Amino acid sequence: MLIEVKESRKQGARTFTTHYTFGETLEEIVEQFGEDVVYNAAKDALTRDIRALVRVRLKASESDDQIHAALHGWRAFSRSSNPNVSKFGQLLAECTAEEVAAIQEQMAARVEEDNN
């Protein structure tokens, strides 16, 4: 796996790139690092993702109930912590198949307009 680390986001910041071999499967990674290390690394990554999701929602002034609801529907590494995207997904889940089809048509027309 290629790993690139930048000193900072500033232009001209130093970058270091290296190849590091991780196992190709969970079993291989556990064999390489040990079960405790793999478990703790996963738990740390998941905790960071949950904290990031909560921070975004706190900045959006969502209520505790809204944040709890978002966490209830959260899936690891889904990467959509944008409250607007999540709200849209929740609304879309309540739509009928016909309503979803109509929304898709409207969005396709909008994308085509934006591309012209």
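In which hand does α2 pass α3 in a crossing? The crossing of α2 past α3 is right-handed. The close-ups below all come from a predicted model.

**View 1. Packing of helix α2 against helix α3.** Helix α2 spans residues 35-59 and helix α3 spans residues 64-72. Their axes lie 10 Å apart, at an angle of about 145°. From α2, the contact draws on Ile50, Leu53, Val54, Arg57 and Leu58. From α3, Ile67, Ala70 and Leu71 take part. By class, the contact residues of α2 with α3 are seven nonpolar, no polar and one charged.

**View 2. Packing of helix α1 against helix α2.** Helix α1 covers residues 26-33. The axes of α1 and α2 are 6 Å apart, and the helices pack at about 115°. That angle makes α1 roughly perpendicular to α2, because the perpendicular class runs from 65 to 115 degrees. Leu26, Ile29, Val30 and Phe33 contribute from α1. Glu35, Val37 and Val38 contribute from α2. The contact of α1 with α2 counts six nonpolar residues, no polar ones and one charged.

**View 3. Ser61 in the loop between α2 and α3.** Ser61 is not a glycine, yet its phi is positive, at about 60°. Most residues other than glycine have a negative phi. Is Ser61 buried or exposed? Ser61 has a relative accessibility of 63% and therefore counts as exposed, since the cut-off for exposed is over 50%.

**View 4. The aromatic pair of Tyr20 and Phe22.** This is one of two aromatic pairs in the structure. The ring centres of Tyr20 and Phe22 are 5.0 Å apart. Tyr20 is partly exposed, with a relative accessible area of 36%. Phe22 is also partly exposed, at 29% relative accessibility.

**View 5. The aromatic pair of Phe22 and Phe33.** Here the ring centres of Phe22 and Phe33 lie 6.2 Å apart. The planes stand at 40°, so this pair too is tilted. Which parts does the pair tie together? Phe22 lies in the loop between β2 (15-19) and α1, while Phe33 lies in helix α1, so the pair joins parts that are eleven residues apart in sequence. Phe33 is partly exposed, at 31% relative accessibility.

**View 6. The ring cluster of Tyr20, Phe22 and Phe33.** Ring pairs link these residues into a cluster. Phe33 also belongs to the contact of α1 with α2, on the α1 side.

Technical notes:
Residues are numbered from 1 along each chain as its sequence is written. This is a predicted model: local features need pLDDT of at least 70, side-chain atom pairs count only at pLDDT 80 or more; totals for chains, interfaces and linings use all residues. Side-chain values use heavy atoms; hydrogens and water are left out. Axes are lines fitted to C-alpha atoms, for helices over the stretch in contact, and angles run from 0 to 180 degrees between N-to-C directions. Helices (H or I, at least four residues) and strands (E, at least two) are DSSP runs, numbered from the N terminus. A crossing is left-handed if the near helix is turned anticlockwise from the far one by less than a right angle, and right-handed if clockwise. Contact means heavy atoms within 4.5 Å. Ala, Val, Leu, Ile, Met, Phe, Trp, Tyr, Cys and Pro count as nonpolar, Asp, Glu, Lys and Arg as charged, and the others, Gly among them, as polar. Angles under 35 degrees count as roughly parallel, over 145 as roughly antiparallel, 65 to 115 as roughly perpendicular and the rest as oblique. Buried means under 20% relative accessible area, exposed over 50%, partly exposed in between (1.4 Å probe, protein chains only). Rings of Phe, Tyr and Trp (its six-membered ring) pair if their centres lie within 6.5 Å; planes under 30 degrees apart count as stacked, over 60 as edge-to-face and the rest as tilted.
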